Amino acid sequence: ETKLVCRMVLVAGRYSLLKGTCLERSLALWWLLARKGIVTQLRIGARKSGEKFEAHAWVERNGVAIGEPDGTHLHYAAFEKEFSGETL
């Protein structure tokens with residue numbers, strides 16, 4: 001079921017008239033999975049590329065990135081704090 005939701009979010013982003021960001025895509029995926037009772041973590045990372053500061057967002061389940069087929073997240077240092085759908 002996780003793979004299906006990931007695919008739906010990626011396809012929706014690909015065919016949308018507006019270009020979404022990784023944060024918007026990750027928030028949508030995180031929220032949809034939480035609605036199905038699947039606990040995941042929203043991760044945000046950063047890197048410095050030359051003089052530019054860059055950030056990236058992705059979703060993990062059990063420490064494994066989902067919806068990141070090209071491994072983009074591996075080039076970013078994740079912030080220690082993760083955002084999960086679990087109540088505090």
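Which residue in β4 is the bridge partner of Ala-46? I looked this up before anything else. The partner is Ala-77. I note here that the model is predicted.

**Entry: the strands**

I then followed β1 to its neighbours. β1 and strand β4, which covers residues 77–78, pair in the antiparallel sense. Two bridges join them. Next I checked β1 against β2. This pair is antiparallel too, over nine bridges. I picked out one position in it. Gln-41 stands opposite Glu-60 in β2.

I also looked at how the chain gets from β1 to β2. The two strands form a hairpin, with two residues between them. Gly-50 sits in the turn. I noted its positive phi of about 65 degrees.

**Entry: Ile-44**

Is Ile-44 buried, partly exposed or exposed? I found a relative accessible area of 22%. Buried would need a value under 20%, and exposed one over 50%. Ile-44 is therefore partly exposed.

I also compared Ile-44 with Glu-80. They are 36 residues apart in sequence. In space, C-alpha to C-alpha, they are 8.9 Å apart.

**Entry: the cavity**

How many cavities of 30 Å³ or more does the structure hold? I found one. The largest cavity has a volume of about 50 Å³.

I listed what lines this cavity. Among the residues are Cys-6, Val-9, Leu-10, Arg-25, Leu-29 and Trp-58. Ile-66, Gly-67 and Glu-68 are also in the lining. Then I sorted the lining by element. α1 (2–15), α2 (22–35) and β2 (52–61) each supply at least two residues. By class, I counted seven nonpolar, two polar and two charged residues.

Last, I turned to open space. The largest pocket holds about 380 Å³. The elements that give two or more residues to its lining are α1 and α2. Which element gives the most? It is α1, with five residues.

In total, 19 residues line the largest pocket. Nearest its centre lie Val-9, Leu-10, Gly-13, Arg-14 and Arg-25. I sorted this lining by class as well. It divides into six nonpolar, seven polar and six charged residues.

I went back to the cavity list with these names. Val-9, Leu-10 and Arg-25 line the largest cavity, and they also lie among the residues nearest the centre of the largest pocket.

Technical notes: Residues are numbered from 1 along each chain as its sequence is written. This is a predicted model: local features need pLDDT of at least 70, side-chain atom pairs count only at pLDDT 80 or more; totals for chains, interfaces and linings use all residues. Side-chain values use heavy atoms; hydrogens and water are left out. Buried means under 20% relative accessible area, exposed over 50%, partly exposed in between (1.4 Å probe, protein chains only). On a 1 Å grid over the protein atoms alone, a cavity is a set of points where a 1.4 Å probe fits but cannot get out, and a pocket is an open set with protein on both sides within 12 Å along at least five of seven lines; lining residues have an atom within 4 Å of a point. Grid points are joined across faces, edges and corners, and a volume is the space filled by probe spheres set on the points. Helices (H or I, at least four residues) and strands (E, at least two) are DSSP runs, numbered from the N terminus. Ala, Val, Leu, Ile, Met, Phe, Trp, Tyr, Cys and Pro count as nonpolar, Asp, Glu, Lys and Arg as charged, and the others, Gly among them, as polar. Two strands pair if DSSP finds at least two bridges between them.
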